[in-house]
Amino acid sequence: MKEIKLAKTAGFCFGVNRAVELVYEMVEKGEKVCTLGPIIHNAQLVDDLKSRGVLIAESPSDCKEGYKLVIRTHGVEKQIIEELENSDVDFVNATCPFVTKIHNIVKKQNENVTVLIAGDEKHPEVLGIASYCKGKYFVFKNETELLKIIQNNDYVNNLECICVCQTTFSKKEWEKCEKIIKKVCTNCQIFDTICNATSERQYEAAEISKQSDAMIVIGGRHSSNTCKLHEVCSENCVSFLIETADELKDINLEDYDVVGVTAGASTPSVIIKEVLKSMSEEIKEKEVETTSAVTEEVVETAEIAETAEKKPAVEASADGEASFEELLNESFKESDNSKVVKGTVVGITPTEVYVDVPGRKQTGVVALDDLSAESVAKCEDVVAIGDVIDLVIMKTDDQDGVLKLSKRLFDATKGWEDIVAAKEADEVLEGTVTQIVRGGILVTTKGTRVFVPAPLTGLPRNQELDVLMGCTVQFKIIDVDPSRRRARASIKVVADAKRKEEQDAAWAKLEEGMKLEGTVKSLTSYGAFVDLGGIDGMIHISELSWSRIKHPSEVVKVGDVVEVTIKKLDEETRKISLGFRKIEDNPWEILKRDYPIGSVVDAKIVSFATFGAFANILPTVDGLIHISQIAWERIKTPQDVLKVGEVVKAKIIDIDFEKKRVSLSIKELLEKPEENEVIPELAVEEGAPVEEVPAVEEVPTVEEAPAEEVAPVEEVAEAPAEETTEE
């Protein structure tokens, strides 16, 4: 093996990096973490997390008490999210934004839309996508399966349909399927949802494999995108899929002159580096060629190291880019030119600074770009005539008599010592955001640039990083690699610490029963979250209104300033339950205040029972109109007189506030018949002849009957039922 070609897109993609950084950050904070399934398809990383105490749960119910559940990058089914939202489990959704985008596309469709999904039907990502489909859906992994679906389901051609892809689907296979869909299903709306990183990775792997005698594909054997890379490379040359550097011993690399290297989106950079190091040991002094675009800093520092002995780039990062600090370190060790010198500023132009270096005959020149790591408009903003500054000799040009110098490189070296010291002292540093890079931002401090991953910037997940450009931020160094002079920082950890201080101070002042003003921050199906000034509390949906509501948005909206009452404080979980309903608005309090017994109200009939009708008189307050209180005449059922939805006048005849019962009467508002008037039944028994019904006037009253004809009470009581009827 003479040459190694490393793909610049090898290693973690944005979504995986975001999820992994999130879990490690939580662990560093001392939180107990449980992932819903493996966070990514990489056994080595999963084992590392396990060694740090991270558990794996197969279902939400498996999450132990006190642990925070993290949803993996490829997402989960809709019903699992709903289950978590309605449970007491504290969870964080680390689903890749590109996967969430597919969920949103699918769930917007109605039940009449058929969904075609390009992917592996057993893959967790596809299972999640399918769960958001309201109508029929079909999954296909190649053009053969797609054609079979179309042939066996004619309505796919006729009805409205859409097509989406698993984010890691084969780009080459997708292009074939897309042609078929456009040709056969002309009514199908196509969404190419393959992740850009996946497309670039597969394209680059194909190009490198065409230039190589063999390919090494690094990644988990259960990783979909890694397996796709292996397939792509195998079409052009011999390809080997390995998970760790140990597997290289089974491959005879001496049989191949040029070996390409790529890695799946879930492959940690440390594994890639181990593989590169093992391969580099075989080619000894041969330099690793990478296909990555070298940054401006690498070009500049490569000039510093041009006289140095060339060594294998075993420290190449996962994206194929050697760090500026690495090249600087190597050049300092090997290059005679790269000495640190002191120079006195003797001249300044808009683009260059001229310095006098003792012991050197050449004119010392510092370009504007080499004055500072920060962006400066003119040289005068950094130095003045007579200043003595520390510089690094970048290049000696004896022909032109020029000594190329850099203040920026010296500052970076000196600043590194301050960075390491700040890490050990857990010091808060301040710097300026000078560049937006893949997966995060670069912050310049003390002449050195540190990397802040996107999840640690403190910005919301969907917020563009560009808003931080040029901003002054405070951060802490959370990780340093002295051998490579690399540092990772977190803005979020500083912001969180400040927020916690504010929250602790605020919590000390809170008491149950206290009335506060807050701003509605967000709404969920079960309540509204209110910002109380650095602390969030929740108004449960049942506390938003005395009436029944289906969603909090019926009462409040985001941004509303509301007055709330603290109902419960949980110091352990730091949860605040808020009340929003006012006692004076309680319908039962209104009833007690404004509707004493004897009041006449408008009552709306809402339901029936055999013993009467229920009528609504105030929100959530229903009263009972007993069947005997509906009319003066005798009725068989309430439905004979009333109907649901009808509004009637009724009189409140009794209230039991303890049991929350109200008795109403309609007949009390009706004219009562005279006492000597016999009240006929409302309905005569069906089939009875009219003439058999005795006339009212023929029935003698008790007063008119002769005394001897009136049976004693005892005899009436003992008389058979039929005899009593005759009397």
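**View 1. Buried residues of helix α5.** In helix α5, the residues Pro 124, Glu 125, Val 126, Gly 128, Ile 129, Ala 130 and Ser 131 are buried (under 20% relative accessible area, with exposed meaning over 50% and partly exposed in between; 1.4 Å probe, protein chains only). The helix spans residues 124-131 and is mostly covered, with seven of its eight residues buried. Helices (H or I, at least four residues) and strands (E, at least two) are DSSP runs, numbered from the N terminus. The cover over the buried residues of α5 includes helices α3 (78-85) and α4 (97-107) as well as strands β6 (114-118), β7 (137-140) and β8 (161-165).

The structure is a predicted model, in which local features need pLDDT of at least 70 and side-chain atom pairs count only at pLDDT 80 or more, whereas totals for chains, interfaces and linings use all residues. Residues are numbered from 1 along each chain as its sequence is written, and side-chain values use heavy atoms, with hydrogens and water left out.

**View 2. The open four-stranded sheet.** Four strands in the order β3-β2-β4-β5 form an open sheet with parallel pairing; two strands pair if DSSP finds at least two bridges between them. Strands β3 (55-57) and β5 (91-93) are the edge strands, each pairing on one side only. From one strand to the next, the twist averages 30° (axes are lines fitted to C-alpha atoms, for helices over the stretch in contact, and angles run from 0 to 180 degrees between N-to-C directions). Strand β4 (residues 68-71) runs parallel to β5 and is joined to it by three bridges. Ile 71 stands opposite Asn 93 in β5.

**View 3. Two non-glycine residues with positive phi.** Most residues other than glycine have a negative phi. Arg 574, although not a glycine, has a positive phi of about 60°; this residue lies in the loop between β27 (561-570) and β28 (575-579). Arg 574 counts as partly exposed because its relative accessibility is 34%. Lys 660, likewise not a glycine, has a positive phi of about 55° and is found in the loop between β32 (647-656) and β33 (661-665). Its relative accessibility is 48%, so Lys 660 counts as partly exposed.

**View 4. Confidence along the chain.** The mean pLDDT of the protein is 79, and 83% of its residues reach 70 or more; pLDDT is the predictor's confidence in each residue, from 0 to 100. Among the elements of the protein, β7 has the highest mean pLDDT (94) and helix α12 (residues 296-304) the lowest (32). Over residues 284-337 the pLDDT is below 50, and this stretch has 110 contacts in the model beyond near neighbours in sequence (contact: heavy atoms within 4.5 Å). Where pLDDT is low, the predicted coordinates should not be read in detail.
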